[in-house]
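This report describes selected helices and residues of one protein model. Please consult the sequence and the structure shown here before reading on.

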Amino acid sequence: MKTLLCGTMEPGGPERYAHGGDVRDLARRAGCAVHELDDFSASLNPLGPPAWLERELARSALDVVAYPDAHCREVCLAACELYKVWPAQVGAGNGASELLLAAARAAAAAGFTRAVIPVPAYVDYERSCEAAGLQPCFVPTDPDRNFVPDLEDVAAQLAEPAVVFLCTPNNPTGALLDAARLRDLAEAHPQSRFIVDESFADFVPGAERLVRERPDNLLVVHSLTKFYAIPGLRLGLAFGAPELMLPLQKALPHWSVSAAAQRVGARALRDLPYQAATRAEVARLREDLRLGLGFVPGIKVFPSEANFLLCRIERLGQTVQPLFEKLLAQRIAIRACANFRGLDDRYFRVAVRTREQNQRLCEALEVCFGLRRPPRVVKKRKTPAIMLQGTCSNAGKSVLAAALCRIFLQDGLSVAPFKAQNMSLNSYVTRDGREMGRAQVTQAMACRLEPDARMNPVLLKPGSDTGSQVIVNGRPVGNMSVAEYVRYKPHAFEQVKSAYDSLAAGHDVMVIEGAGSPAEINLKAHDIVNMKMAEYADAKVLLVGDIDRGGVFAALVGTMDLLDEPERQRVAGYVLNRFRGDPRLLDPALSSMVSMTGRQVLGVVPYVHNLGLPEEDSVSFKAGERGIDVHKDQDVVDVACIDLGHISNFNDLDPLLQEPDVRLRVVRTPHELGRPDAVILPGSKSTVADMRQLKGAGMLAALRALPDSAVMVGICGGFQMLGLQIADPFGLESGEPGHENLVDGFGFLDLRTTLAPEKTLTRTLGTHLPSGCGVFGYEIHHGRTEPLSDQVVPVIRAADNTPLGYGLASGRVWGTYLHGVFDDDGFRRWFINDLRRQRGLEPLEHGGASYGLEAALDHLAGVVREHLDMNAVYRALGLSQQEQASLLR
């Protein structure tokens, strides 16, 4: 039989009941802010609170006008649902400690005078006994048996009835008791009362719980604050037979559980995904931490089933206190365990924290125990980065990112753009033949960098409502459905991280663009482009809202509300984009944003008319927001662009928009076509489908009815449509490989296109033969197009004499694979003047536009710099004035 200690107090007085987790005092002693402390002294869920916590707390604000439910009905009902018990068998209290005290007092009221406590154990068992007048007897456990209580030793103390306090998994050892043996012990001693603390049992996967099946003399106490990381709310549960629960509830104060704690507790008990994720992740993290601590010489790590590990210093004469002080100086707090009965000043406990925190602890211990030298220099941090995310798509993130790129460049910094994943049919071919989104090309030009596929490592080109071609690092890897791409995303993110690290290593600052909204809760679980990318890059976020479309403040507040707390911490402030009017009218709302969300509006950027920059996708193009269909004067040529369901590379038309004598219209129906001077069929990601749609809508008949003076131009997919036939033997667009799959084209040119799986990606220089003008651009297409007769002639040839386009000898109909064909100022002016002649207008020899982005980018940067708090942006980057100057040198 073990030697017992009954009713004695060891030296130390109140220190015997000290707890871990006093982060305010620990941070004060460490000389840091609370959030800078790695707290291993309190054993809380390393995943942090559930993402919905703040929303539930906000809703609970409405509950404070009435007393909380004294019976905690909703949280008890949720406990009944989860643990499959009857309502009469469950009650709630203000944390497990309150329930333990109430249970001890209820036992004393029932005539019990003594308690049995295997030690080491949670110090509040002894405190509760002292407060209730119970005399405790302590049963020591054997460290050589990993402190697992010997239930026969416990049984030996029950010749007279007693209250037995047990904990499984035990705090501070993590030892798990056999539930069946506990039941047998309780049933064998019906005159005794057993109080079993299962505060950490939720962390144990597959653990057999006493909550559901227990003898009538056994009461289970359970804490919600550890598992759900909400110790500030204070909430615990008790489970037992009605004859135990009624006296317990009488011993509790009225209204002891706040309305907020009840609301959060009910939601937590029903959050099954969070519970499963916690158990799986804590098991992995605990094993990694155990292995890491095991490499430190001079430390013994005891086995644990909980979210903490008990350790003992094995070196002769060494105690925990010097180690505690050394670690605290590095902003790491551990739990010294000398105040646990049965332990001494060699023992300490560490909670399982995040992977990064656990690694930091292990490295610090290795230094303390001489396994490694202290680092001589601080580890180089990631390249400073700022990220622009939006409340919605088309909020102006791409343009603002380009503006910041140019501003940083003007300030003398080496800057590069980055967007992890782009969904757009508007792409570009780099010098080394890789494909990337056009928005990052514009941003690269703002940085005066050569476009690089690393700037946009994942490009999705939708081919249908449910699938896309996936391009990784500039190369197509296949067509995937949504479900297939979700499964592929973990691999894609590895490519994203590699591309980012490689690119960022060569620059002073990174400007990162998000996609859509970070608050799209249906996508957050597999996000790789918004907050997950911000976390990887350690980037602060500017949240952009489009005030021109209305509802911007609701969108900003709603977005913040849907973000998890760590995500909210990344938001440095807001940018209101595309504002029209007097900014002073916004003053009341701007101050309200600070009080509601704790973040300031850092800039109100005005609506910039005629921006002159390419759009990222076709949203603005189709919405008519790009100056399309604007009347300039009567002496203009009328150019109609046929809208396509899967239009791609519509930026081919941007140079025409800049010309003062061109009226450019988007045409969606035959009625809108009218009698234009020229018709342009743009690129398409799904040529066959778009061609069939145009035929069905009557557009082909309308094109055939145009007068002979009208010029028809096809670019890429539009070029393929102009021919007689399109063959799809590999089923790229028809979905039926193995057949010729011939589809009739529009028949304006005697050409046949054969689609092929190999994708042509190349930048090209050529000559427009009728004008003799040089042209340049890039090719992005599947397949090849060949003439069927001499009725068509080459109209553009590459430098090696390869045809880049064909047309009629009259010049009325022609097409090319060359995207950017109108970018050259000389050829564009020739094309427009040729249309002017046919219309009876004098050619313009001077006064045409010069197409380029430099002036537009400088103008944009000037506007944004004037209306955005750049000092706040630099602070968000973590760059002091001294660091900025250092980078400039």
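Is R438 buried or exposed? With a relative accessibility of 11%, R438 counts as buried, where buried means under 20% relative accessible area, exposed over 50% and partly exposed in between (1.4 Å probe, protein chains only).

The model is predicted: local features need pLDDT of at least 70 and side-chain atom pairs count only at pLDDT 80 or more, while totals for chains, interfaces and linings use all residues. Residues are numbered from 1 along each chain as its sequence is written, and side-chain values use heavy atoms, with hydrogens and water left out.

R438 lies in helix α14 (residues 438-446); helices (H or I, at least four residues) and strands (E, at least two) are DSSP runs, numbered from the N terminus. S648 belongs to strand β28 (residues 647-648). The table lists contacts (heavy atoms within 4.5 Å), leaving aside neighbours within four places in sequence.

| Residue | Relative accessible area | Contacts |
|---|---|---|
| R438 | R438: 11% | N426, S427, Y428, P614, N651 and Y778 |
| S648 | S648: 7% | L425, N426, G683, S684 and K685 |

**Helix α12**

Helix α12 (residues 355-368) has 14 residues and, at 1.5 Å a residue, should span 20 Å; its end C-alpha atoms are 20 Å apart, which agrees. The expected span is 1.5 Å times one less than the number of residues. The buried residues in α12 are Q357, N358, L361, C362, A364, L365 and E366. They pack against β2 (38-39), α10 (272-294), β10 (299-301), α11 (320-329), β12 (332-333) and β14 (347-351). Just after α12, G370 adopts a positive phi of about 80°.

**Helices α4 and α8**

The axes of α4 (residues 96-109) and α8 (residues 242-251) come within 8 Å and cross at roughly 110°; axes are lines fitted to C-alpha atoms, for helices over the stretch in contact, and angles run from 0 to 180 degrees between N-to-C directions. The two helices, α4 and α8, are therefore roughly perpendicular to each other, a term covering 65 to 115 degrees. From α4, the residues L99, A102, A103 and A106 make the contact, and from α8, P247, L248 and A251. By class, this contact of α4 with α8 has seven nonpolar, no polar and no charged residues. Ala, Val, Leu, Ile, Met, Phe, Trp, Tyr, Cys and Pro count as nonpolar, Asp, Glu, Lys and Arg as charged, and the others, Gly among them, as polar.

Technical notes:
Parallel < 35°, antiparallel > 145°, perpendicular 65-115°, else oblique.
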